[in-house]
Every structure is written in C-alpha cells, then in structure tokens.
Amino acid sequence: MRKSIVAGNWKMNGSRSLVNEFFTLMDGVNKQAVEVVICPPACFISDFQGVDFALGGQTMSELDNGAHTGDISAEMLLELGCRYVIVGHSERREDHGETNDMVAAKAAKALAAGLTPIICVGESLQTREAGELESFIAAQLDALTATLSASQLAQAVIAYEPIWAIGTGKTASPEQAQQVHAFIRSHLAAFDSNAAASLPLLYGGSVNSANAQELFAQTDIDGGLIGGASLKVDEFRKVCQAAG
Ligand SMILES: O=C(CO)COP(=O)(O)O
C-alpha cells in the first residue's frame, strides 16, 4: 500500500497569524490514513513547533554551505524540523532557471541528508498541445534516474503538476491526471519496477475540497500538492480528509 500524502505549498504567502490558525488543522483528519505536510515560506517554519503534521521546505540548495546569498541547505531545513522539501517546482524552474539536472542534484542532496524530496514535474499547455507531453515528462524523469539510485528513488515523492492547471482554477480531469500518473509510473518502472510501484505520486494544480476526492480516487494518484487551497485551514482540512 502506498502512503497517501497531502502537502500544502504556501508559496510566497502567509504570515505568523496564518501559522497560528493551522494549529487546529488535524482536528478530524485521520493521521493513520494520510500524511499531511505544510511547506510554508522558510522564515515561518520554526513558528510551527509542536504541530502534529509534517513540515517541508519549498526549495533547497544542492550545495552544503558557503557564499550563496539567499539559499537554504538541507541541513538547515532538518534543523528547523522539516522532513520534506519540494524540489523543481515549475515556478522555481521558471523564476530561477532550475534545470532538470539541477533538480536531480537537489533531490539527491535532500535524500542524502535524510529529507524526502517532493519532486515536481509537469508540462506547459504549449507542450501538451504540441503533442510533446510524454517526451517532456520523460526527460524530466530521466534526469532523476540518471542521478538517483533505485533505492533513493523509492524514498522520493513525485508530484505531477501541469503548469496550465496551477493557480488557474483549471484542474486536469481525473482521467487526464490518471493518464499522466500511469505514464510516469510505467516510465520509471523501466528503471526500477519496485521503486516505480511503491513511490507516492501526487497531483497538483487547482485541487480543492470539491474536486480532491475524485482525483485522489484514481489508481495512480496517491494524494496532492496543494497551492491556493492550502492557505485556508478549513478548506485544506477537507482536502486532507478526502485523501484519508
Ligand atoms: O503549484 C501548486 C502546488 O505546488 C498548485 O497550486 P494551486 O493549487 O494554487 O493551483
């Protein structure tokens, strides 16, 4: 049985008062059935001390330390109590020029340090309409399998986030999402069938309490990576409940 995971990516949103509202998040959520993760801006991570859900960073450096202004290391995230870190979000790829190889290096560094990377992949509308969806995602996955061992891959999480569905209110249909998740799993199976079968695959892109249940019910969808709907505690709790 693969683990169900619902991760909230706050992006560059939130405040200390929003953090305080999230101390009740797990009321009525079945903790045995779903692993809940909040990835706030790094400056708020330590304000979550004592919560009964997991914490994650939104990005990290592939380097250990040094003269890299503004960056944060795996060790620092661990020291703040994180167990997860998002790597390769399309917004990082676009805003900060992160390449497939850089994302793979970050994932490898996270795993070596003992963090679970939530590795994001996903295509733009232009790529999808050009019929290049599978080759585009295959290239993103191939960079990972060129860098990670099979046992490392088995400890990672992959999130499929079609760029055209992020923050647009335009969710992939459950069938569209399932189709890509099945492709990801079968592509990774050529590298290592055990890792491909056991790896949690999350869907992200305009998930909310109204559509979560149907998405999470798909065979190869093991939970979600949630943006906008993770900023309201009542709404996010319902999304977590839909996975458990
Ligand atoms: O990018 C996302 C999560 O990482 C998805 O964002 P939305 O849920 O706001 O579409």
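**Figure 1. Strand β3 and its neighbours.** Two bridges connect β3 to strand β4 (residues 84–87), and the two strands run parallel; strands are said to pair if DSSP finds at least two bridges between them. Helices (H or I, at least four residues) and strands (E, at least two) are DSSP runs, numbered from the N terminus. Within β4, Val85 stands opposite Gly57. Strand β2 (residues 35–39) also pairs with β3 in the parallel sense, again over two bridges. Here Ala54 of β3 is the bridge partner of Val37. The model is predicted: local features need pLDDT of at least 70 and side-chain atom pairs count only at pLDDT 80 or more, whereas totals for chains, interfaces and linings use all residues. Residues are numbered from 1 along each chain as its sequence is written, and side-chain values use heavy atoms, with hydrogens and water left out.

**Figure 2. The two faces of strand β3.** In a regular strand the side chains alternate between the two faces of the sheet. Are the residues of β3 buried or exposed? In β3 (residues 54–57), Ala54 and Gly56 on one side are buried, as are Leu55 and Gly57 on the other, so that both faces are covered. Buried means under 20% relative accessible area, exposed over 50%, and partly exposed in between (1.4 Å probe, protein chains only). Strand β3, helix α2 (residues 74–79) and β4 form a right-handed β-α-β unit. Right-handed means that, with the strands pointing away from the viewer, the path from the first strand over the helix to the second runs clockwise.

**Figure 3. The salt bridge between Lys31 and Asp52.** Side chains of opposite charge can pair when their charged atoms come close. A salt bridge is a side-chain nitrogen of Lys or Arg within 4 Å of a carboxyl oxygen of Asp or Glu. Lys31 and Asp52 form such a bridge, their closest N and O atoms being 2.9 Å apart. The pair links distant parts of the chain, 21 residues apart: Lys31 is in the loop between α1 (16–21) and β2, and Asp52 is in the loop between β2 and β3. Lys31 is partly exposed, with a relative accessible area of 44%, and Asp52 is partly exposed at 38%.

**Figure 4. The salt bridge between Glu62 and Lys106.** The closest N and O atoms of Glu62 and Lys106 are 3.1 Å apart in this salt bridge. Because Glu62 lies in the loop between β3 and α2 and Lys106 in helix α4 (residues 100–113), the pair ties together parts that are 44 residues apart in sequence. Glu62 is partly exposed at 25% relative accessibility, whereas Lys106 is buried, with a relative accessible area of 6%.

**Figure 5. The salt bridge between Arg185 and Asp222.** Which residues does the network around this pair link? Arg2, Arg185, Asp220 and Asp222 are linked in a network of salt bridges. Within it, Arg185 forms a salt bridge with Asp222, the closest N and O atoms being 2.8 Å apart. This pair links distant parts of the chain, 37 residues apart: Arg185 is in helix α8 (residues 174–189), and Asp222 is in the loop between α10 (212–216) and β8 (223–226). Arg185 counts as buried at 9% relative accessibility, and Asp222 counts as buried at 8%. A search of the whole structure finds 14 salt bridges.
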